[in-house]
Amino acid sequence: MFKNYLKIAFRNLLKNKVYSLINIFGLAIGMAVTIMIGLWITDELSFDNYFENKTQIAQVYQSQEFNGKKGTGPAIPRPLEFVLRENHSDNFKHIVMSSWTFSRYLRFGETNINRNGNFMQEGGPDLLSLKILKGEKNGLKEKKSIMISESTANALFDLEDPIGKIIKVNNEDDLMVTAVYEDLPENNSFSNTHYIIPWKHYITTQDWLSGSEDQWGNNSFQMFVQINDNTTMDAVTSKIKDVKKNTAIEEAQYNPQLFLLPMKDWYLRSNFENGVQTGGRIENVWLFGIIGLFVLLLACINFINLSTARSEKRATEVGIRKSIGSKRGQLIFQFLSESFLVVILSFVLAVAIVLLFLNGFNNLASKSIIFPWLDIQFWGVSILFILITAFLAGSYPALYLSSFNPVAVLKGTFKAGRFAAVPRKILVVTQFTVSIALIIGTLVVMNQIQFSKDRPVGYNKEGLIQIPAMSTEFIGKADVMRDQFIASGAAIEMSTSSSPTTAVWSNRAGYTWDGKPEGFQEDLAYTAVSYEFIETLGIKLVAGRGFSREFATDSSAVILNSTAVKYMGLIDPIGKFIRDADTEDPSPPLKIVGVVEDMIVQSPYSPVKQAMYVFDTNDNAAYYNLRLNPNKSVSQNLEIIESTFKNNFPNLPFDYQFVDQEYAQKFRSEERVASLAKVFTGLAIFISCLGLFGLAAFVAEQRTKEIGVRKILGASVSQLWVILSKDFITLVVISLVIASPIAYYIMSHWLQKFSYRTTISWDIFALACSGALIITLITVSFQSIKAATSNPVDSLRTE
């Protein structure tokens with residue numbers, strides 16, 4: 001019996017080739033989109049699955065209050081480690097202190113490379129489940145050791161065995177390779193960790209860390225922990241919550257609250273607002289999951305519409321089958337079998353589409369997804385996916401077709417009825433409501449990105465490069481390098497800074513000034529810079545001056561941004577002083593010599609943070625900032641700068657970044673969302689139009705004789721085109737009315753997460769509406785004009 005059903009199904013597919021192709025191709029696209037989104041979601045949800053003890057690993061976070069607002073982050077003070085080890089060790093398997101990820105120069109022989117890595121305590125490799133390929137897992141025991149990734153080992157040593165070899169780090173430290181570990185996968189929080197150096201080397205070689213073991217206010221470190229099997233994250237959080245507040249009395253004014261952020265939340269749920277976890281990338285997972293389901297639904301609607309629209313063509317078949325004894329259940333099973341066959345063919349085509357476009361999808365989504373041929377779980381889900389899709393697409397047509405009255409059908413009195421088309425119209429409206437809502441949403445996302453890109457950044461980022469200068473070889477050489485770079489003609493100005501132009505690496509508090517409100521808790525972004533910082537970056541002065549070699553007192557001067565002046569409540573700030581609030585061992589007071597326009601150095605979607613720029617008295621900067629000569633090509637400038645650099649630092653690789661490109665990175669996440677949304681929206685519209693094309697063809701076929709009569713009675717082609725198109729245009733207009741407020745509500749909510757945001761203007765809806773109408777007209781016009789221009793004699797010959 002089942003074989004017979006399949007044979008009939010194949011015959012029906014071959015008999016109606018156009019409609020079969022529309023159904024199969026439309027479903028294939030919908031299924032391909034759903035598969036790709038499913039693979040993307042799986043990759044997102046599997047982030048950090050590499051770690052064996054993922055459910056027990058966490059990072060210690062803290063929330064602190066500044067003037068009634070809570071700030072939350074992973075930066076913690078070093079003394080916390082000692083208190084947790086002493087008083088709470090029974091809760092942890094591992095407590096691992098870590099630096100932030102640092103870029104370091106690594107050299108072996110003549111090979112010089114730049115890699116990112118961390119300083120960690122001995123338990124780090126075990127906590128991170130590192131797979132050791134060579135050497136020992138406890139490779140951080142010795143202070144002068146280093147563990148490196150496989151790719152780093154290959155780059156430095158080629159085919160040589162690296163174990164026991166000495167690497168020169170930053171051209172200042174000789175460290176022995178004790179282990180080589182497998183590179184961590186890309187969907188991993190530590191994928192950029194290509195070396196690990198012992199923590200004890202870090203704390204004994206960095207001058208600025210002197211005394212940090214007692215500084216509760218120095219939140220410059222990270223702490224990773226693995227909790228014991230007999231406890232939970234919440235239980236441990238409740239025990240350590242007030243450790244800092246109860247131990248460091250001087251920090252109690254900020255009401256510090258400690259908690260564990262589980263590893264499963266690092267990537268997907270790391271956003272906090274006023275101390276409350278508000279989500280993160282998980283929102284994109286939900287967004288694209290919903291889009292995938294909607295795109296599949298649109299494809300299923302095509303199948304339902306075309307199957308029910310052609311019901312009269314199969315009414316006789318149903319009548320005959322019922323009259324010779326077929327039960328309704330058998331007919332339902334037959335039609336579901338046809339649906340199952342279409343879905344199977346569509347799935348095969350969908351897999352081919354996925355394989356064809358997976359590399360392009362990976363580039364678009366910045367992923368490295370591989371098709372899971374050998375994943376049993378994937379194929380199990382795929383079988384379930386096929387069954388659900390077949391049932392979703394075929395259930396209504398099966399129930400509808402099997403309900404026909406055989407007597408009416410065989411007498412020739414069966415008509416679908418004037419309300420038979422209502423469900424189809426509802427489904428078409430649903431299709432275009434979804435498609436139009438996606439169009440509006442995509443336009444809003446694109447507008448928000450462009451709105452933020454157009455925001456004044458406060459400096460001239462074009463023609464500006466930054467060179468990492470974090471080796472001790474750079475100390476004391478800034479003026480010499482500035483003179484040489486300018487003399488070479490490749491740069492017109494150079495300055496230094498303690499953080500990159502596009503980030504804040506340090507925040508400071510503990511200051512006082514005249515007029516400071518009682519109980520005011522300041523939080524200022526802090527950057528140490530050289531004399532020519534303002535000139536190099538092209539920052540506009542609002543008041544006062546920049547640091548100048550003409551004033552010896554500038555070693556104790558400070559420049560504020562405009563937001564800081566408002567934040568601190570200063571009026572006529574030039575000449576006023578900012579003092580250290582530590583009365584026992586105060587630093588010299590800082591004289592305000594200038595106020596500059598706000599620079600966007602953090603998120604372009606958020607307000608600019610209050611910032612202070614102090615003079616770098618130690619000439620120990622992290623970056624050289626160079627303004628390239630605009631009268632020469634970029635390649636010429638870089639060639640000269642590299643030559644000058646190598647003359648002075650022959651053992652260091654020349655590394656640089658374009659500031660405008662670094663700034664552009666801030667938009668990558670939203671741009672990826674926008675790009676993916678554009679692709680999926682385009683496919684959703686295509687699927688909807690594919691179904692509309694099939695329905696238009698069916699309507700034109702159904703009204704062939706009517707069109708012939710109208711033409712004989714004098715109807716023009718344009719009049720017939722209007723008659724055949726107006727019903728579809730009406731449905732799209734209804735969709736516009738429904739989709740617009742829904743899209744407005746959803747996107748207004750989405751925009752709320754940006755402090756600096758665009759508005760949803762009427763022109764977005766006008767563009768979406770006009771676009772939807774034009775696409776609809778183009779889609780239905782082919783069939784409408786074809787029918788309107790046909791010879792009426794052919795359609796009326798049988799009458």
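## Overall organisation

Among contacts in the protein between residues at least 6 apart in sequence, 78% link residues at least 24 apart; contact here means heavy atoms within 4.5 Å. The structure is a predicted model, in which local features need pLDDT of at least 70 and side-chain atom pairs count only at pLDDT 80 or more, while totals for chains, interfaces and linings use all residues. Residues are numbered from 1 along each chain as its sequence is written, and side-chain values use heavy atoms, with hydrogens and water left out.

The secondary structure comprises 25 helices and 26 strands. These elements are DSSP runs numbered from the N terminus, with helices (H or I) of at least four residues and strands (E) of at least two. Taken along the principal axes, the box filled by the C-alpha atoms is roughly 105 × 55 × 55 Å.

## Surface, burial and charge

Of the 799 residues in the protein, 52% are buried. Buried means under 20% relative accessible area, exposed means over 50%, and partly exposed lies in between (1.4 Å probe, protein chains only). The protein exposes about 36900 Å², of which carbon and sulfur atoms supply 57%; accessible areas come from the Shrake-Rupley method with a 1.4 Å probe, and for residues only the protein chains shown count as cover.

There are 74 positive and 74 negative charges, and their mean positions are 17 Å apart. Lys and Arg count as positive and Asp and Glu as negative, whereas His and the chain ends are not counted. Each charge is placed at NZ of Lys, CZ of Arg, CG of Asp or CD of Glu.

## Cysteines

A search of the whole structure finds zero disulfides, a disulfide being a pair of cysteine sulfur atoms within 2.5 Å. For Cys300, the closest cysteine sulfur is in Cys689, and it is too far for a bond because the separation is 18 Å. Cys769 is likewise in no disulfide, as the nearest cysteine sulfur, again that of Cys689, is 15 Å away. Cys300 has 1% relative accessibility and therefore counts as buried.

Strand β12 covers residues 257-262 and includes Gln257. Gln257 is buried, with a relative accessible area of 11%. Its side chain makes a polar contact with the side chain of Asn255 at 3.0 Å. A polar contact is a pair of N or O atoms within 3.5 Å; within protein, one must be able to donate a hydrogen and the other to accept it, and residues adjacent in sequence count only if both atoms are side-chain atoms. Beyond four places in sequence, Gln257 is in contact with residues including Tyr61, Gln62 and Lys241.

Leu260 also belongs to strand β12 and counts as buried at 6% relative accessibility. Leaving aside residues up to four places away in sequence, Leu260 touches Ala58, Val60, Val225 and Ile240, among others. Helix α9 (residues 263-266) contains Met263, which is buried with a relative accessible area of 1%.

## Helix α24

Thr776 is located in helix α24, which spans residues 762-788. Thr776 counts as buried because its relative accessibility is 0%. A polar atom of the Thr776 side chain lies 2.7 Å from the backbone oxygen of Ala772. Neighbours within four places in sequence aside, Thr776 is in contact with Phe432, Leu692, Phe728, Ile729 and Val732.
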